[in-house]
Amino acid sequence: MYSIQLVDWTSAASQIKEVREKVFVIEQRLDWSLVEDSYDTDSLHVLALSAEGNSIGCGRIKPSGHLGRLAVLLPWRHVGVGSQIVQTLVGVAGQANFNELHLHSTLNLMNYFSRFQFVPNGPVFMEWGRPTQRMIRPLVSPHVTVAQRQFAGTTR
């Protein structure tokens, strides 16, 4: 069992950094300077915790609507933690009035993100030394007015 929680960067920074270090620096051998940036204080963060309270995954949404820094510890992959993190971030973005989310997906994960209604947008490019595809997901239908969303109880 595990839970996914919206967390404040100030109180959860050490837990989030621990997950990022294990996944990005140790496992994927990326330099920490690529992983750490100045967006964390202004971003929305979620943290996945095991039943024992251990950090097992994380993700964030930058103010620009960029969903990223998704990381799940190896023993917790393929049991739904990553999917729950993405679904929670999409829900948080909708509640925070984002019109669209975008992310950078390595090519091998594009099918994974398409399950959450992300679609390719633009050419493939190199990021962190890997071929990467920008993907987007609208959160509000352009054909639905604010009044219709409020009436339907789905104001974003």
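**Close-up views of a predicted model**

View 1. Buried means under 20% relative accessible area, exposed over 50%, and partly exposed in between (1.4 Å probe, protein chains only). The model is predicted: local features need pLDDT of at least 70 and side-chain atom pairs count only at pLDDT 80 or more, whereas totals for chains, interfaces and linings use all residues. Residues are numbered from 1 along each chain as its sequence is written, and side-chain values use heavy atoms, with hydrogens and water left out. Helices (H or I, at least four residues) and strands (E, at least two) are DSSP runs, numbered from the N terminus. Strand β1 (residues 2-7) pairs with β2 in the antiparallel sense over six bridges, and Val-7 stands opposite His-45. Six bridges also join β2 to β3 in the antiparallel sense, with Ala-48 opposite Gly-57. Two strands pair if DSSP finds at least two bridges between them. Four residues lie between the strands of the β2 and β3 hairpin, where Gly-53 takes a positive phi near 90°.

**View 2. The largest nonpolar core.** This core has 21 residues, and those with the most contacts inside it are Ile-85, Leu-101 and Phe-118. The largest share, six residues, is supplied by α3. A nonpolar core is a set of buried Ala, Val, Leu, Ile, Met, Phe, Trp, Tyr and Cys residues joined through side-chain atoms within 4.5 Å. Apart from this core lies another, of 15 residues, among them Ala-12, Val-23, Leu-30 and Cys-58.

**View 3. The surroundings of Ile-85.** With neighbours within four places in sequence left aside, Ile-85 is in contact (heavy atoms within 4.5 Å) with Ile-4, Val-46, Ala-48, Gly-57, Cys-58, Gly-59, Leu-70, Ala-71 and Val-72.

**View 4. The largest pocket.** Its volume is about 1,000 Å³, taken as the space filled by probe spheres set on grid points that are joined across faces, edges and corners. Of the 38 lining residues, Phe-24, Gln-28, Leu-70, Leu-109 and Phe-113 are the closest to the centre of the pocket. Two or more lining residues are given by each of α1 (9-27), β3, β4, α3, β5, α4 and β8 (130-138); β4 gives the most, with six. On a 1 Å grid over the protein atoms alone, a pocket is an open set of points where a 1.4 Å probe fits, with protein on both sides within 12 Å along at least five of seven lines; lining residues have an atom within 4 Å of a point. The lining has 17 nonpolar, 12 polar and nine charged residues. Here Ala, Val, Leu, Ile, Met, Phe, Trp, Tyr, Cys and Pro count as nonpolar, Asp, Glu, Lys and Arg as charged, and the others, Gly among them, as polar.

**View 5. Two loop residues with positive phi.** Arg-29, in the loop between α1 and α2 (32-35), has a positive phi of about 60° although it is not a glycine. Arg-29 is exposed, with a relative accessible area of 75%. Trp-128 lies in the loop between β7 (125-127) and β8. Although Trp-128 is not a glycine, it has a positive phi of about 55°, and at 29% relative accessibility it counts as partly exposed.
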